[in-house]
Every structure is written in structure tokens, then in C-alpha cells.
Amino acid sequence: MRAVATILGCGMLWTAGAVAQEAAPALAPAPDKTVVLTFDDAVKSHRTFVGPLLKELGFSASFFVTQLWMEDKENFMTWQDIAELHQMGFEIGNHTWTHLGLSTAERAKQLPEELRQVEAALAQVGVPKPISFAWPGNAFSAEARDVLKQAGYRFARRGMQPEVPYGKIIPGPPYEPAKYDPLLVPSTGDAYPEWTLEHFKQVVAQAVGGKIVVVQFHGVPDIAHPWVHTPPERFQEYMRYLKDEGFQVLALRDLARYVDPDRATEDPHLGTSYSRK
Ligand SMILES: [Zn+2]
């Protein structure tokens, strides 16, 4: 893939004339006010509240699913619920079968099977193999990143860490396509129950100059995991703000419009690992 991308890149340079010596991004940068919404852990409210609201607003989003909590049918989605989100046009992404923390090489060895189990369960309800991934517990490692690459995943979202300490209500880094590896896309915001509309505005204000804001949510509400709960009325305020201010709201897979996932970067986090513990 890399060789093909290079040839295409040269073609772009040829037609672009003497604009640049180095291979510039072949794709146009993201317009200002581009936001990616992501929802983790297959919480029931993703199907009952978030999906219908986003659809009404004309927004896209990615839902990252794991089987870990699904036996609790009251608070978490079934595979059928997930299939319905797919049918509504949303992206379904992989979040591993057991919500496996992936900060070590040893854990990375379990990742192929974890990916496969989710892919198989999705296939049974007619959902195609995901191309996006969210790192469980926001832990990542070089070894697991390579497994994702080999398994055909194109984009993977990590947390705000290590740039922002866990639990702090300050904006994280926006995704800069030239800087960050597509399998280590940072969260610009990781929604906690204490978030306010003012904080949300600070997070999404970073979507300028080709930088893309990526927001991580859990349940709306999240009854089983209250530490990552977002109150529905607050969430409605956030979404109304995006709509009123003319934001473009995308799924993680839509980054392919602005980023060639096979283009090399010098991401400072490549080759490193992170774990909250
Ligand atoms: Zn998770």
C-alpha cells in the first residue's frame, strides 16, 4: 500500500508543478469546524437516545463496541441494537471483545483473536468488518498498533493521555494529520459528567487550520459507569451548539477524506506505550 501511495503522491506533484519539493498531503485539509464524534462501550443509550438525536441533526458518528458488559441487557446494547445503528448510517468500530487493555507486548498477542470475535459477531447481524478501532481504557502500545495495521484497521482513537492527565477537565490535543499516526488519533475531549457547555465550546474551538477535533463519549446517560456519564440534557446542548454554529460532524472513518492512512508520520507516540495504571 505504501508503494502505491508514493506513486500516486508523485503523480500529484507532477500535476501540481513546482509547488512543493517534498510530498505534500495529497488530500485537501479538513475545513475549519470539523468534529468527529465517538461513543464507547456499547451503552444502551447509544441506540435509544444518541443515534436518533444525531440522525435528526444530520450528524455522523462512530460507535465502538465491546462484548464485555453486554450480558447486562438493561444498560448495554445487543448485537441487534448495534446492527440498527449501522442501518441508520453510523460507523460501527471495534473496541475488542473483552475491553482488553493493550499497553504491553504480551497483551498485543491477544489482540488478533479479540478483533476477530467482534468482527464475527458483527458479521452475524450484517455489519461489515470495521476499519476503525478505539483503544480500550485509552491504553496503547507499539506492538498492538502494528497488529491493528496488519489486521486492516485504518484509524484508531486513543485518549487525551499522555498529553493531558486523566480526570482533568482541560481540552486535549486536536488531531493533526501531519503529526499523528492514524492509529494513534488523540481525543481532544473525553466527556466527564462535570463537563459544561463552556468546556465543550473550548474543546471544539480547536477545529481550525486543518486540525480536527475528536470527542470521546460513553453513555448518554451512562447508568452502569457513572464516572463517564453524560447527562442527556447537557448532550443536547452540545449537539445544538454544533448545529447552530455550522460544524461538520463526522465518524472516525471519514478522516479518510483528509488523511491517507498509509502516509508515514513522525508521531512522537509511535513506538511508545501508555497505560493509566
Ligand atoms: Zn471503553
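**Burial and overall form**

I call a residue buried if 20 or more other C-beta atoms lie within 10 Å of its own, exposed if 12 or fewer, and partly exposed in between, with C-beta atoms placed from the backbone. The model is predicted, and I note that local features need pLDDT of at least 70 and side-chain atom pairs count only at pLDDT 80 or more, while totals for chains, interfaces and linings use all residues. Residues are numbered from 1 along each chain as its sequence is written.

I found 8 helices and 8 strands in the protein chain; these are DSSP runs (helices H or I, at least four residues; strands E, at least two), numbered from the N terminus. The radius of gyration is 18 Å, close to the 19 Å of the globule rule for 277 residues, so the protein chain is as compact as a globular protein of that length. That radius is taken over C-alpha atoms, and the rule is 2.2 Å times the number of residues to the power 0.38. Along its principal axes the C-alpha trace spans about 60 × 45 × 35 Å.

β2 pairs with β1 in the parallel sense over 3 bridges, and T38 stands opposite S62. Strands count as paired if DSSP finds at least two bridges between them. β2 also runs parallel to β3 (residues 91-94), joined to it by 4 bridges; G93 in β3 is the bridge partner of F64. The crossover from β2 through α3 (residues 79-87) to β3 is a right-handed β-α-β. β1, α2 and β2 likewise make a right-handed unit. Right-handed here is clockwise for the path from the first strand over the helix to the second, with the strands pointing away from the viewer.

**Helix α8**

I checked the length of α8 (residues 232-244): at 1.5 Å a residue its 13 residues should span 18 Å, and its end C-alpha atoms are 18 Å apart, which agrees. The expected span is 1.5 Å times one less than the number of residues. Its buried residues are F235, Y238, M239 and L242. They cover an arc of only 90 degrees around the axis, which puts them on the same side of α8; the arc is that of the directions from the helix axis to the C-beta atoms. E233 and D244 are exposed on the other side. The cover over the buried residues includes β1 (34-40), α2 (44-57), α7 (197-204) and β8 (248-250). Just after α8, G246 takes a positive phi of about 75 degrees.

**Loops**

I located Y153 in the loop between α6 (142-150) and β5 (155-157). Y153 counts as buried, with 21 C-beta neighbours inside 10 Å. Leaving aside neighbours within four places in sequence, Y153 is in contact (C-beta atoms, placed from the backbone, within 7 Å) with I131, S132, F133, L148 and L183.

A42, in the loop between β1 and α2, is buried, with 28 other C-beta atoms within 10 Å. H99, in the loop between β3 and α4 (105-108), counts as partly exposed, with 16 C-beta neighbours inside 10 Å.

I recorded a cis peptide bond from Q161 to P162, with omega near 5 degrees.

How values were computed
Two residues are in contact if their C-beta atoms, placed from the backbone, lie within 7 Å.
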